[in-house]
Amino acid sequence: MNSPYYTTVAMDLGVCQLRNFSISFLSSLLSTDSSHVRLDNSSSGASVVAIDNKIEQAMDLVKSHLMYAVREEVEVLKEQIKELIERNSQLEQENSLLKTLASPEQMAQFQAQTQTGSPPTSSQPPAQAPALPPTQPSHNSGPSA
């Protein structure tokens, strides 16, 4: 849910940057052409039309560059979404497998840890995972005794 917001902010920032660039670009065009406009007062209407055409061309160029950049970003985001969906599916399968392999005591211990706080949970399961095979044989020998 946060991704669309950040994408919108990034696009808005890109639009602002392109506007600033286009304004400075157009200002430089106008400053170089302004001497021609001042010298040719008789055809001021034609000069204004020429300037308007240059502005329109520059804005079209900016628009096409922006659309290209947005399309590229959309493709990258689509690929990231695809990879995240695949990773999520893989983790869900792994989670269900671990749940089926865990003993009831381990599940109770895990649930107790999640209720007390999550930071110990992330550090203890890796330590318990190697200890799982030795725990099961002793557990199996415990009930039989």
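Buried here means under 20% relative accessible area, exposed over 50%, and partly exposed in between, with a 1.4 Å probe and protein chains only. This is a predicted model, where local features need pLDDT of at least 70, side-chain atom pairs count only at pLDDT 80 or more, and totals for chains, interfaces and linings use all residues. Residues are numbered from 1 along each chain as its sequence is written, and side-chain values use heavy atoms, with hydrogens and water left out.

The chain has four helices and zero strands, where helices (H or I, at least four residues) and strands (E, at least two) are DSSP runs numbered from the N terminus. Of its 145 residues, 8% are buried.

Now to H2. Which residues in H2 are buried? Ser47, Ile51, Ala58 and Val62 are. An α-helix has 3.6 residues a turn, so residues three or four places apart point the same way.

Glutamate 86 also lies in H2. Glutamate 86 counts as partly exposed because its relative accessibility is 48%.
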